[in-house]
Amino acid sequence: MADQNDQQPVSHAIFTLWAFLQILNFFWSLATASGLDGAGSLSNGAFDPWWPVIFLGNYLFFRTVNYGFCHLLGYHALPTIELLGGGISNSALYLPTFVRQTPSYRYQYQRRARGFQLLFETLFILLVPAVTGGLLWVTNLLPGGDNQVKLFIQVLLVLGCGFYAAKAYYRLFPKLFHLNVILVEHGQPIFAHRSGGDETVQTDHATNSTFYTTDRIVTKKRH
């Protein structure tokens, strides 16, 4: 099978466009959360759970839209930062790299299970704000009010539980609906329906993610 990016040159123009859209997305989400929920604090000084719910819901939705817009322009994000070779600093670890779609890549992408892909992305957009808001609401019931130690514990809980909730979601979703990960775009899986005894279709490069790992080539078997 052809390489997922077929050695296509990196598009700095598309990355610049994506980064600009993400900056707009961040400030739009910030303004929306502040406009609907004010400063994000309750009368007793505790953090209002609705503020991150509104912010994250907006941010994740438009983040998904931005990646989709790059797709419409004929580009896609590489699976992982390691495919770029050396010279990548740790600060750039989570920034996507865009290349032009090849015919073989478009063929694979068109095989995706569109309904389940939409369901996966929609549930993820709902899951992250729900987990964050729920944890903040529960921990706000603890004594302490406007307490820096309590806030620190809340942040740790949100980050830790959010990470493992997302990890479990990434692993369980394809198993629950009997899907294959056929492509990965910046850590985000692209699913297709399983057929017969097929397991997973992947690219020439090994794709390692915090949430799942796919082999180098497995025949029939994406701050």
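Student: How many helices and strands does the protein have?
Tutor: The predicted model has five helices and six strands. Both are DSSP runs numbered from the N terminus: helices are H or I with at least four residues, strands are E with at least two.

Student: And in what order do the elements run from the N terminus?
Tutor: They go α-α-β-β-α-α-α-β-β-β-β. Residues are numbered from 1 along each chain as its sequence is written. Since you'll be looking at local details: local features need pLDDT of at least 70, side-chain atom pairs count only at pLDDT 80 or more, totals for chains, interfaces and linings use all residues, and side-chain values use heavy atoms, with hydrogens and water left out.

Student: OK, what share of the residues is buried?
Tutor: Of the 223 residues, 42% count as buried. Buried means under 20% relative accessible area, exposed means over 50%, and partly exposed is in between (1.4 Å probe, protein chains only).

Student: Which residues have the most contacts inside the largest nonpolar core?
Tutor: Phe55, Phe120, Phe124, Tyr169, Phe173 and Phe191, in a core of 19 residues. A nonpolar core is a set of buried Ala, Val, Leu, Ile, Met, Phe, Trp, Tyr and Cys residues joined through side-chain atoms within 4.5 Å.

Student: Which elements supply at least two residues each?
Tutor: Helix H2 (50–72), helix H4 (114–140), helix H5 and strand S3 (179–185). The largest share, six residues, comes from H2.

Student: What does Phe173 touch?
Tutor: Leaving aside neighbours within four places in sequence, Phe173 is in contact (heavy atoms within 4.5 Å) with Phe116, Leu119, Phe120, Leu123, Leu179 and Phe191.

Student: Back to S3. Why is S3 called largely enclosed by the rest of the structure?
Tutor: Because seven of the seven residues of S3 are buried.

Student: How many bridges join S3 to S4?
Tutor: Six, and the two strands run antiparallel, with S4 covering residues 188–193. DSSP has to find at least two bridges for strands to pair. One example: Val181 has Phe191 in S4 as its bridge partner. The hairpin of S3 and S4 has two residues between the strands, and His186 there takes a positive phi near 50 degrees.

Student: New topic: where is Asp37, and what does Asp37 touch?
Tutor: Asp37 lies in helix H1 (residues 12–37). Not counting residues up to four places away in sequence, Asp37 touches Asp48, Trp50, Trp51 and Ile54. Asp37 and Trp50 are 13 residues apart in sequence and 7.1 Å apart in space, C-alpha to C-alpha.

Student: Last one: is Phe152 buried or exposed?
Tutor: Phe152 is exposed, with a relative accessible area of 53%, and its place is in helix H5 (residues 148–176).
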